[in-house]
Structures are given as structure tokens and as C-alpha cells.
Amino acid sequence: MSGYIGSIDQGTTSTRFILFDRSGQPVASHQLEHRQIFPKPGWVEHDPMEIWTNTQRVIAETLIRSGVARSDIAAVGVTNQRETVVVWDRRTGKPFYNAVVWQDTRTDTLIKDLARDGGIDRFRGKTGLPLATYFSGPKIRWILDNIPDARKAADEGNALCGTMDCWVIWNLTGGINGGAHVTDVTNASRTMLMNLETLDWDSELLSALHVPRSILPLIRPSIDSAFYGVTSADSPLGKGIPAAGALGDQQAALVGQGCFDTGDAKNTYGTGCFLLMNTGDAPVHSSCGLITTAAYRWDSRPAVYALEGSIAITGALVQWIRDNLGMIKSSLEIEELAGTVDDNGGVYFVPAFSGLYAPYWRSEARGIIAGLTRYVNKGHIARAVLEATAFQTRDIFDAMRKDSGHDIGALKVDGGMVRNELLMQFQSDIIGVPIIRAKVTETTALGAAYAAGIAVGFWKDFSDVRANWMKDKEWIPSMDSAKREEYYKYWNKAVQRTMDWLE
């Protein structure tokens, strides 16, 4: 029997391939970064061809490093940055334009036009989403409206579009030679084009956004025993490996953390920060600024839903002070620098670089550093950078408890920033519950592996996932409640000062 599951993790800054064994442990991996393209203020793009080239390279290098034969891989799963979208020519496989990234704000005018009839909640009843530049449907519309060749090809039936899972699976399973043009329910639920109840593209939404159904992928389950397709002979995995699981990155982390019961919650600390709570087999619509989203679907079983709070800038803020300000030489240095001071010195950093996401949804907001005095040094700035992630998570945490009616007794965490122990302790202090770090911190890739593995019978069901999960470390809150609320009061004052910056 094949002994491994492969997972492609196509993220905002890099692409990885990881091989997992039956115990859910990573045995080999490789990762490559891709360029971040900023043509104008607020515009963020990626080169889809570079990403596909990197995908092939990380798979090939992982196989070399591991010594694992292709025949020993039972299936492959895909997880991805969710709202980033690409439109390409089905005849040549070439994109008409760069991928427009989830952080991109160029659709702001379109969003305002759509909101004139019904406000930002115009489509929330069907989609679970507010009108925001974040989501991929308006990005597809922008490409079709502004790239003449793309609209012409769409009208002639020669264009395809999709989020990055769709792009990777299509290329992996043959591309122009019969590649599977599919996406899963979690990625489709982030387009503003899928109806959460029917789990299909919605005619009213397609009409409002002027997106033709013909260019959209088929929506499939996240765990698909019928497979999306099999890898082609010219793929780095060789011919015939089932592509059987796909999940947007945050839903993949939810699965990887074993959050299968209503009320289970996890937070992923990466480029952005994403807190999700499993709400069971019925959508829970938010009154506190959260997103209602598909969590996963296993074959024809009822879909499972989640409440989500999305934060645009967390780990990206650490990268910003490294690359733009030169305060540190590597991201790992931020903890040491922040540790040179006892507190934030009264400084609060709200990184609304592309507006405020949940629970505010204020696209006109911009970043601010508040509370500066002559006393403040770079250690205080570094600490404020880390605390910004924890404060933004507190915003989401409080909203999620109100919307769901569930207490969150502990928060499972994963992602690159959870290695930062100063941040994890402050996170526990500011929300007042234990923080639990999983033994395997690459839970996003692991969740996609579980989806593919369950689909092909490599793992039996969710009980195998729960059995594999192990705790690495736990942080217990130690801050008294009065101090906690004092900190949070000044954070809220700083947030208010970011708003209405753009006219």
C-alpha cells in the first residue's frame, strides 16, 4: 500500500510541497517564494506562470530529498491563498493577466457601485460575505472589463478562470490536454458568486458582477472520493496519482487542527491572520462583521460551515518593518527586539495598509502608529508590531463569541508566527483563554493532505485525524483583567483614528 500523501500549499508569498506519512507527520518538503508585484498603490499581483513553475520545482525537489517513489504516493491534495484569482486561455494555458491577489484593492470603485443598491450587505444573505475588495468575484470582473483579450475569449468560450487551487489542479491534471477545471466549496464560497445554501454558482450574483458561468470551474466537494482527476504524465508527480482533496488555506488549517465539532476554533498566523469556528451543518449569519463561509464538504454529505474573521496584515507587518524600514534583518529577530522592553511604551500600531477587514470592513482606512513620545524606541515599535496581531485577533474573538453564542474555552493556533513565544503569551493574556500550539504547525498543508487521504481511504475518517493531533505547547493567561481592558481600550482608540483616511 502507498505510504504517503502529497500536499501542495500554494500560499501568498510561497509555494510548498510536503509529503506526510500515515501518522500525519511531515517527512520531506521544499518551498520557493514568488515575486510580489505592486504596479500601483493598493494593487497586488502574482505571476501565475511563475507559481506553476515553482509548484513543479518544489514537487521535484521534495521527491529527490525524500527518496520517495512516485508510486508510493497515494494521492495529492491542494490548499491555497483563497481569493487570489487568475483568468487564462484554455487553448494555450497562458494567463491573460497576472493573478490579482486577495490583498488587492483596485475593485474599490466597483464595490461602492454595487453597494449603492442595498449597502455592503447586499449579497450577504446568499453568500455570507459583505461587499469588499477582498473577494475574488469583483477581481474576475475587473480582469474581464480591463483586459480586452480576456473578455473576448470569455465571450467566445475560450477563457477559464479560478482561484489558485483551480489553476494548480488544472495544470497538474493535464492543462490544455484535458485538465480538470474544478474548485471546491470552500474556495467557491469566497468568490461572492456561490450561493451558500445551494453550493452552486448563483445566476443573480453572476448577473450583478457580469461574470459568465461558462468560464467558472465546476464546484466539487473538498474531500472527493470520485477524484478531481489524476496527475498527467508530464507533471512532476508522473501519471495517475489522484488529485482528490482541495481546501482554501484557512479551512485546510481547520481540518488539520481536527476542528470537526461545533464550537471548535483555530487561528492561523501567517501573512494575514484567520480565526475560524466550526458552526455545524447550517450557516450562521453574522451581525458582528464576520464572514459566513463553507468549512468543508465530504462527498455528498451535508456541507459544514464556519464563522471567520479575516485580518489582512499580521506576519506581513513583520516583513514590512524588515524590508521597508530595515529595523530587523530577519523576521525571527522581531521577538528578540521586542523583548528588550517590558511593554509597548504606549505605542499602538494598526496595520490597515489595505483597509480594515473583519469585523470593521472599512476599505478607506489606512495604517497608523499612535501614542508616540520621545520615550519610545525601536523595541517599543517591535512590541507594538507583535501586539497588533494579538489585538486584531481579540477583535475577531469577541465578535465570534457574540455571533455564535458559544464560549471559546481555548484557541488552537498554527502558522509561522506561533514560534514567537512573546506573541503567544500576549495573545493568551489579551483574550483571556489558553493558547494551544499543535505539534505539527504546518496544519494548512496537513489539512489538504487529510482531505485527499480520506478521499482515497489512506485515512479512514476524522477519527484518524483526531488520533494524530498532538499538543506541542500551551500558554495560560497571566494578565489581570483591569490591565487587559486598559490595553484594549487604547487599541480601540487607535483603530478609530485609521478610519475615513481616504475620501
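Q: In strand 2, which residue is the bridge partner of serine 7?
A: Strands are DSSP runs of E (at least two residues) and helices are runs of H or I (at least four), numbered from the N terminus. Strand 1 (residues 4-10) and strand 2 (residues 14-20) pair in the antiparallel sense over six bridges; two strands pair if DSSP finds at least two bridges between them. The residue in strand 2 that partners serine 7 is isoleucine 18.

Q: At what pLDDT do side-chain atom pairs count?
A: Residues are numbered from 1 along each chain as its sequence is written, and side-chain values use heavy atoms, with hydrogens and water left out. This is a predicted model, in which totals for chains, interfaces and linings use all residues, local features need pLDDT of at least 70, and side-chain atom pairs count only at pLDDT 80 or more.

Q: Which strands stand at the edges of the six-stranded open sheet?
A: The six strands follow the order 3-2-1-5-14-13, with mixed pairing. A strand with a single partner has one side left without a neighbour in the sheet, so the edges are formed by strand 3 (26-33) and strand 13.

Q: What angle does the direction of helix 14 make with that of strand 14?
A: Angles run from 0 to 180 degrees between N-to-C directions, and axes are lines fitted to C-alpha atoms, for helices over the stretch in contact. Helix 9 (residues 249-256) packs on the sheet against strand 5 (73-80) and strand 14 (242-248), with its direction at about 105° to that of strand 14. Helix 14 (residues 443-455) also packs on the sheet, touching strand 1, strand 2, strand 5 and strand 14. Its angle with strand 14 is about 140°.

Q: Within what distance do the axes of helix 4 and helix 5 come?
A: Helix 4 (residues 136-146) and helix 5 (residues 148-155) cross at roughly 100°, and they are therefore roughly perpendicular. Residues in this contact include Leu144 of helix 4 and Ala150 of helix 5. The axes come within 5 Å.

Q: What is the handedness of the crossover from strand 21 to strand 22?
A: Three bridges join strand 21 (residues 411-414) to strand 22, and the two run parallel. A crossover is right-handed if, with the strands pointing away from the viewer, the path from the first strand over the helix to the second runs clockwise. Between the two strands the chain passes through helix 13 (residues 421-431), and this β-α-β crossover is right-handed.

Q: In strand 23, which residue is the bridge partner of isoleucine 436?
A: Strand 22 (residues 435-438) points Ile435 and Arg437 one way and Ile436 and Ala438 the other, and all are buried. Strand 22 and strand 23 (residues 471-475) run antiparallel, joined by four bridges. Isoleucine 436 has as its partner in strand 23 glutamate 474.

Q: Is histidine 210 buried, partly exposed or exposed?
A: Histidine 210 is found in the loop between helix 8 (203-209) and strand 12 (218-220), and its phi is near 55°, a positive value in a residue other than glycine. Buried means under 20% relative accessible area, exposed over 50%, and partly exposed in between (1.4 Å probe, protein chains only). Because its relative accessibility is 44%, histidine 210 counts as partly exposed.

How values were computed: Angles under 35 degrees count as roughly parallel, over 145 as roughly antiparallel, 65 to 115 as roughly perpendicular and the rest as oblique. Contact means heavy atoms within 4.5 Å.
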